[in-house]
Amino acid sequence: MYQTVLDAEAGGGSAALRDLHLSAYRFMLQARLLDEKLASLYRAGKIHGGVFLSRGQEALSVSIGVSLRKTDVFSPLIRDSAGRLAFGESILDSLQTCLGSALGPMRGRDGNVHRGRPRDGYLAMISHLGAMISVVNGALFARRFKGITDVVGATCIGDGGTATGSFHEALNQAAVEKLPLVLVVANNQYAYSTPNDREFACADLADRAVGYGVTPHSVDGTDLSACLAVLGRAVAQARAGGGPQLVVASLLRLCGHGEHDDAGYIDPKIKNSPLGRDCLKVAEDILISRQWADATELAQWRNEAVRAIETTVARVQREPAPDPFAEQWTAVSGTDLRETHEELGV
Ligand SMILES: Cc1ncc(C[n+]2csc(CCOP(=O)(O)OP(=O)(O)O)c2C)c(N)n1
Ligand SMILES: [Mg+2]
């Protein structure tokens with residue numbers, strides 16, 4: 001498969017571009033349906049802790065996942081279900097974590113968004129507010145020290161998260177060290193219920209890139225084609241030695257902060273503006289208008305995804321929960337330092 005729009009254009013023209021869109025769309029669809037299932041399991045009291053959904057952010061998120069190689073580093077945040085699937089996470093991994101199965105990658109001990117497979121460059125989230133940028137920097141340093149240069153590290157941040165000290169320190173470090181970091185800002189207009197105009201006073205978050213000495217990119221986060229193009233370019237530039245890339249996407253979170261929040265504070269004017277478009281619907285319009293798919297195929301893919309999710313939920317619900325008395329409580333599976341370092345790829 002072509003990894004980026006640039007590869008697709010170079011390698012096979014419109015057929016390759018179509019394949020990239022179709023594969024991205026199907027990950028978006030799976031992510032949306034998985035999110036809907038998680039919301040209903042949460043409302044039925046089957047999931048402990050919070051459930052945080054990605055509705056409205058799938059086009060952006062999937063574009064990160066499909067633009068990366070399996071050997072890259074990816075540290076997704078709470079609204080990256082599409083990017084997780086595109087980077088290679090299975091529906092099984094995600095459901096085992098959310099439903100607390102002892103057989104899952106986190107052994108049923110971690111909340112739904114705190115999941116990953118560090119050995120595969122897929123880092124588990126610590127916090128949504130900038131903590132992961134310096135962790136990705138560290139993973140990139142480790143690879144540099146080992147002489148591995150053909151690698152990119154990508155992570156995400158919300159608009160609110162760009163006001164934290166963690167964001168500043170880590171982006172500055174990445175810039176000074178010219179790390180191949182792609183930092184994606186999902187500006188979904190709100191940090192919980194706080195609107196953009198109470199979060200920052202600059203005209204555009206992409207303007208901040210200049211102050212750090214990193215390359216800015218802006219994109220309409222509701223448009224799959226635009227996201228694939230911009231993310232593909234940012235990843236390619238980071239891989240080619242261009243240093244950190246800051247991608248700022250404009251969109252709207254089409255759900256509450258978590259399933260416990262009805263998002264009643266969102267301004268109806270924004271909902272009715274182009275920012276409030278549903279990226280899944282926009283992607284479907286792109287596929288139909290370019291005659292890359294028809295309504296029958298869209299319905300078939302939806303049915304296939306629903307079946308895969310329902311079958312996996314049924315399987316995971318029969319799996320055991322962890323036994324707190326028998327559980328081995330180390331954070332990663334290795335008990336000695338060498339094994340732990342191997343696990344983290346350092
Ligand atoms: C240090 C810290 N403070 C507060 C929180 C609670 N919290 C989690 S996400 C969030 C809002 C983040 O907003 P934004 O960065 O815009 O991301 P979005 O939720 O919109 O994706 C808050 C306040 C936290 N996780 N960590
Ligand atoms: Mg936000």
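Trainee: In this predicted model, in which hand does helix 4 pass helix 11?
Mentor: The two elements are helix 4, residues 91-98, and helix 11, residues 295-317, whose axes come within 10 Å. The crossing of helix 4 past helix 11 is right-handed.

Trainee: How many residues of the contact of helix 4 with helix 11 are nonpolar, polar and charged?
Mentor: Helix 4 contributes I91, L92, L95 and Q96. From helix 11 come A308, I309, T312, V313 and V316. By class, the residues of this contact comprise no charged, 2 polar and 7 nonpolar.

Trainee: Which strands are the edge strands of the sheet?
Mentor: The open sheet has 5 strands in the order 1-2-3-7-6, with parallel pairing. An edge strand pairs on one side only, which holds for strand 1 (73-75) and strand 6 (215-220).

Trainee: What angle does the direction of helix 5 make with that of strand 2?
Mentor: Helix 5, residues 131-145, packs on the sheet and touches strand 1, strand 2 and strand 3 (181-187). Relative to the direction of strand 2, that of helix 5 makes an angle of about 175 degrees.

Trainee: Is Q189 buried or exposed?
Mentor: Q189 lies in the loop between strand 3 and strand 4 (190-191). Although Q189 is not a glycine, its phi is positive, at about 80 degrees. A residue counts as buried if 20 or more other C-beta atoms lie within 10 Å of its own. Because Q189 has 22 other C-beta atoms within 10 Å, this residue is buried.

Trainee: Is A263 buried, exposed or partly exposed?
Mentor: The loop between strand 7 (245-250) and helix 9 (268-271) holds A263. Its phi is positive, near 60 degrees, in a residue other than glycine. The limits are 20 or more C-beta neighbours for buried and 12 or fewer for exposed. A263 has 16 C-beta neighbours inside 10 Å and therefore counts as partly exposed.

Definitions and conventions
Residues numbered from 1 in each chain as written. Chains lettered and ligands numbered in written order. Predicted model: local features only at pLDDT ≥ 70, side-chain atom pairs only at ≥ 80, totals over all residues. Pairing = 2+ DSSP bridges. Helix = DSSP H or I, 4+ residues; strand = E, 2+ residues; numbered from the N terminus. Contact = placed C-beta atoms within 7 Å. Axes fitted to C-alpha atoms, helices over the stretch in contact; angles between N-to-C directions. Left-handed = near helix turned anticlockwise from the far one by under 90°. Nonpolar A, V, L, I, M, F, W, Y, C, P; charged D, E, K, R; others polar.
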